[in-house]
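Colleague: This one is new to me. Could you walk me through it, starting wherever you like?

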Amino acid sequence: MRILKFLLVKEFKQIFRNKAILVVIMVMPVIQLIILPLATNFEVKNIALAVVDNDHSDYSRALISKITSSGYFRLSGYCNSYNEALVLVEQDKSDLILQIPPHFESVLLRENSERLFIAVNAINGVKAGLGSGYINEIIQQYNQQLRSKLQVPGKFNLGPTIQIQSSNWYNPNLNYQLFMVPGIMALLVTIVGGFLSALNIVKEKEAGTIEQINVSPVKKYHFVLGKLIPFWILGNVVFTLGLLVAFCIYGIVPLGSLITLYTFVMVYLLAILGFGLLISTFCDTQQQAMLIMFFFIMIFILMGGLFTSIDSMPDWAKMAAKFNPVSYFIAVMRMVIIKGSGLYDIRGHLLTVLGFAIVLNAGAIVNYRKTF
Amino acid sequence: MEQVIVCNGLTKRFGDFTAVDSITFEVNKGEIFGFLGANGAGKTTAMRMLCGLSTPSSGKATIAGFDVYKQTEQIKKNIGYMSQKFSLYDDLTVQENITFFAGIYGISDAEIKKNGDDLLLRLGMQDQAKKMVSSLPLGWKQKLAFSTAVIHKPKIVFLDEPTGGVDPVTRRQFWELIYEAADNGITIFVTTHYMDEAEYCKRVSIMVDGKVAALDTPSNLKEQFGANTMDEVFYHLAREAKRGE
């Protein structure tokens with residue numbers, strides 16, 4: 001125990017003397033939590049719309065004003081021909097073209113049906129999909145309006161219609177930040193835990209100080225604990241800072257209990273620190289450790305369900321996500337903070353991550369034995 | 001005479017390559033033992049086995065009476081080690097380094113204080129105690145590294161090219177520290193490429209291609225090879241090496 005005390009004192013002194021680490025620990029969570037949730041907004045607004053109105057009737061004008069007043073579309077061009085509108089798309093000034101055919105109003109009134117043409121710039125798939133979805137919905141609504149206006153009272157309805165009324169559970173206002181902030185907190189804890197632990201040990205290899213420790217009576221578990229404990233504490237500090245920022249800036253208060261959250265974070269940190277440790281046993285320089293860590297963290301995050309739902313990934317990706325500790329963390333953060341899940345609800349996630357922690361740390365210790 | 005290092009047919013193979021080929025020698029208590037050899041002759045590998053950092057492929061060896069196969073933890077408690085790569089913590093002060101390296105050997109707080117103060121006094125570094133190690137000149141760092149390597153009063157200290165890149169005056173001072181430690185009964189096991197330093201040793205072994213090619217006092221070696229200096233002795237032996245660098 002006495003040896004461990006000396007190792008810990010040394011480690012904390014080194015950490016608090018390293019300005020770069022302090023900045024990473026204290027400033028990064030705040031900045032990232034302020035910027036990322038606002039920037040990674042999936043709600044598509046301000047879609048640039050070019051209109052080719054060949055009708056110039058009351059109906060066509062009403063349709064256009066209905067679309068532009070929805071808030072999702074911005075009229076970027078009012079063109080005389082489709083080709084003219086296409087030029088706007090080519091210049092990246094318009095995302096979507098709505099073509100209203102000549103005699104739109106009269107044909108519609110006479111024949112009870114008419115066709116509209118929409119062309120979408122699909123370079124940005126998300127924007128294209130959502131944009132055409134929105135505009136379809138608006139046109140549907142417009143259609144509904146027309147039908148009820150034209151319907152003669154007393155006369156039968158033209159046909160049965162189904163109306164869907166949905167209610168949004170857990171996030172009634174579909175507040176995007178409520179969805180993103182917990183995920184980004186998971187990301188922060190992962191980065192701090194994974195990178196700092198891996199780099200720190202490799203730094204000792206580079207400096208040659210690890211050799212000096214190896215010839216001393218310091219045992220491997222002393223050394224590993226001496227590295228795990230400081231970064232485990234720092235990880236918890238970063239997480240606490242994240243919770244504070246989420247509360248102060250976004251007013252997010254976890255619906256579930258803090259005990260549940262911290263229990264999971266504490267176990268998760270063991271897993272991610274073990275991962276950093278394992279990586280460090282394979283590397284001789286900080287550069288190698290950095291690159292390898294970067295590779296894994298990038299995949300962990302992009303495939304962890306932070307930005308895109310795991311449920312909509314192909315089967316092989318879903319399998320891969322099962323081996324991705326970050327995906328469990330992001331899921332648990334959302335479950336506890338937004339939905340108010342308790343320890344019993346997250347028990348599966350907790351046990352899996354505990355399994356990761358055991359396997360990764362054991363792997364690190366075994367692998368150390370070989371390289372020492 | 002008590003023998004603190006006993007080596008018998010110690011061998012280390014890496015695959016087909018025999019880095020250390022059945023070396024046999026003894027080192028007496030309080031002796032300054034020079035361990036010479038060209039680059040790649042197997043010195044560092046041999047030293048790592050003696051320190052318990054690497055398990056031998058075959059042969060026997062005991063360090064301070066402890067077996068290099070089974071009792072590496074006891075060996076580590078009884079030796080000091082200073083590598084050719086400078087290995088104090090740059091981002092800790094002189095005092096903090098002393099406390100840390102004394103502490104991990106399980107020395108009591110009172111002893112850490114006393115040994116640390118003695119060390120600073122001996123090196124004349126009392127004023128530097130609170131300075132970062134990174135701010136010290138290399139020569140001072142090396143002297144400090146040596147003193148920290150023996151702060152727990154080990155039976156044997158292993159020095160792997162301790163004076164590389166150090167100026168002649170500091171080297172002389174460094175050897176004064178080594179003599180002082182030897183006078184206190186610490187056995188010194190040192191590798192070096194400086195042949196004037198070899199003359200400072202009580203006995204010298206010269207490794208060629210993983211084998212001990214010669215082992216005697218410097219004066220006997222010079223006589224044996226009809227040479228005037230250790231330089232000539234070394235050259236005579238090392239040029240027969242088949243192994244490249």
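Modeller: Start with α1(B), whose buried residues are Lys43(B), Thr45(B), Ala46(B), Met47(B), Met49(B) and Leu50(B). Buried means under 20% relative accessible area, exposed means over 50%, and partly exposed is in between (1.4 Å probe, protein chains only). Helices (H or I, at least four residues) and strands (E, at least two) are DSSP runs, numbered from the N terminus.

Colleague: What should I know about the model and the labels?

Modeller: This is a predicted model: local features need pLDDT of at least 70, side-chain atom pairs count only at pLDDT 80 or more, and totals for chains, interfaces and linings use all residues. Residues are numbered from 1 along each chain as its sequence is written, chains are lettered from A and ligands numbered from 1 in the order in which they are written, and side-chain values use heavy atoms, with hydrogens and water left out.

Colleague: Back to that helix. How many of the residues of α1(B) are buried?

Modeller: 6 of the 8, across residues 43-50, so the helix is largely enclosed by the rest of the structure. Just after α1(B) comes Gly52(B), with a positive phi of about 80°.

Colleague: And the strands of chain B, in what order do they form a sheet?

Modeller: The order is β2-β1-β4-β5, an open sheet of 4 strands with antiparallel pairing. β2 and β5 (66-67) are the edge strands, each pairing on one side only. Two strands pair if DSSP finds at least two bridges between them.

Colleague: How many bridges hold β1 and β2 of chain B?

Modeller: 8 bridges, between residues 3-14 and residues 17-28, in the antiparallel sense. Lys12(B) has Val20(B) as its bridge partner in β2(B). Val6(B) stands opposite Glu26(B). The hairpin has 2 residues between the strands, and Gly15(B) takes a positive phi near 65° there.

Colleague: What about β1(B) and β4?

Modeller: They run antiparallel too, joined by 5 bridges, with β4 covering residues 58-63. Ile5(B) is partnered there by Ile63(B). In a regular strand, side chains alternate between the two faces of the sheet.

Colleague: New topic. How many residues does each chain put into the contact?

Modeller: Chain A gives 25 residues and chain B gives 30. Contact means heavy atoms within 4.5 Å. The chains bury about 2,400 Å² between them, 57% of it on carbon and sulfur atoms. Buried area is the accessible area (1.4 Å probe) that two parts lose on being put together, summed over both.

Colleague: How many salt bridges are there between chain A and chain B?

Modeller: 5 salt bridges. That term means a side-chain nitrogen of Lys or Arg within 4 Å of a carboxyl oxygen of Asp or Glu. One of them joins Arg17(A) and Glu96(B), with the closest N and O atoms 2.7 Å apart.

Colleague: Which elements of chain A touch chain B?

Modeller: α1 (2-17), α7 (176-207) and α8 (209-214) each give two or more residues. The largest share, 8 residues, comes from α1(A). This side of chain A divides into 9 nonpolar, 6 polar and 10 charged residues. Ala, Val, Leu, Ile, Met, Phe, Trp, Tyr, Cys and Pro count as nonpolar, Asp, Glu, Lys and Arg as charged, and the others, Gly among them, as polar.

Colleague: Which residue does Arg2(A) meet in a salt bridge?

Modeller: Asp109(B), at 3.2 Å, N to O. The pair crosses between chains, from helix α4 (residues 109-123) of chain B to helix α1 of chain A. Asp109(B) is partly exposed at 45% relative accessible area, and Arg2(A) is partly exposed at 30%.

Colleague: And what about Glu211(A)?

Modeller: Glu211(A) meets Arg48(B) in a salt bridge at 2.5 Å, N to O. That pair also crosses between chains, from α8 of chain A to α1 of chain B. Glu211(A) is buried at 19%, while Arg48(B) counts as partly exposed at 21%. Elsewhere, salt bridges that share partners join Lys10(A), Glu11(A), Glu204(A) and Lys227(A) into one network.

Colleague: Last one. Is Asn324(A) buried or exposed?

Modeller: Buried, because its relative accessible area is 3%. Asn324(A) is found in the loop between α12 (315-322) and α13 (325-339) of chain A.
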